[in-house]
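Subject: Structure for your review

Dear colleague,

Please find below the structure that I am handing over to you.

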Amino acid sequence: MPKTILLIRHAKAQPFGLVRRDFDRTLDPRGVQDAKTAGADLKKRGIHPSLFLASPAPRALYTLRLILSEMGLDPEQVLTDAILYDASSDDLLERIRAFPDDVGCAMLCGHNPAVSELTGALLDGSCAPMAPCDIAALTVQSSRWGDFGLLPASCDFRIASGRRA
């Protein structure tokens, strides 16, 4: 069974100054709408992930929860991992490689630059940087998550909901 990861950059966050710490920033109204739009797009595509992992920062956690709500999935299924807040692309890849092999499709919502760097690395540099709320669906033809980054990945599709004016 191939393994598919949907790498998501969190949606547009409120600007600095409204909160004291970067970690505490949440979504602005456009970010909320973009996340809902992305979720509706994934639902139309018939995507059926079974593992959901997000940075605990509100902007990442809420992005993934809004996407799941629009997909008709339980937003409370989202697991958080503190490492994802300040993660490098290597940290993200290590996390993906540790997913249980009985999971066929998973979602990971994090922050730039790590999300863009990992997407580019998995696609041999043939990927534009991720804008807010962009989603890249990457598949490796393997029965093991541990093969991500070792075997070639293909980009099944990309959603660029964060680029709307």
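Predicted model: local features only at pLDDT ≥ 70, side-chain atom pairs only at ≥ 80, totals over all residues.

Nonpolar cores

The largest nonpolar core holds 26 residues, and the members that touch the most others are Ile 5, Leu 7, Ile 96, Phe 99, Leu 108 and Phe 148. Two or more residues each come from strands S1 (3-9), S2 (51-54), S4 (105-110) and S5 (134-140), and from helices H3 (89-97) and H4 (114-122). Helix H4 supplies the largest share, four residues. Leaving aside residues up to four places away in sequence, Ile 96 is in contact with Ile 5, Leu 7, Leu 108, Leu 118, Trp 145 and Phe 148. There is also a second, separate core of 25 residues, with Leu 27, Ala 38, Met 71 and Val 78 among its members. As a general matter, nonpolar side chains in soluble globular proteins tend to be buried together.

A buried threonine

Thr 119 lies in helix H4. Its relative accessibility is 0%, so Thr 119 counts as buried, the limit being under 20%. Beyond residues up to four places away in sequence, Thr 119 touches Leu 7, Cys 127, Met 130, Ala 136 and Leu 138.

Salt bridges

The whole structure contains nine salt bridges. Three of these may interest you, and in each the exposure of both partners is given.

Asp 22 pairs with Arg 59, with 3.0 Å between the closest N and O atoms. This bridge links distant parts of the chain, since Asp 22 sits in the loop between S1 and helix H1 (29-44) while Arg 59 belongs to helix H2 (residues 58-71), 37 residues apart. Asp 22 is partly exposed at 24% relative accessibility, whereas Arg 59 is buried, with a relative accessible area of 5%.

Asp 147 forms a salt bridge with Arg 144, and their closest N and O atoms are 3.0 Å apart. Here Asp 147 counts as buried at 13% relative accessibility, and Arg 144 is partly exposed at 41%. Elsewhere, shared partners join Asp 22, Arg 25 and Arg 59 into one network of salt bridges.

Asp 24 bridges to Arg 21, again with the closest N and O atoms 3.0 Å apart. Asp 24 has 31% relative accessibility and is partly exposed; Arg 21, at 48%, also counts as partly exposed.

Yours sincerely

Methods:
Residues numbered from 1 in each chain as written. Heavy atoms only, no water. Core = buried A, V, L, I, M, F, W, Y, C linked by side-chain atoms within 4.5 Å. Buried < 20%, exposed > 50% of the residue type's maximum accessible area, 1.4 Å probe, protein only. Contact = heavy atoms within 4.5 Å. Salt bridge = Lys/Arg side-chain N within 4 Å of Asp/Glu carboxyl O.
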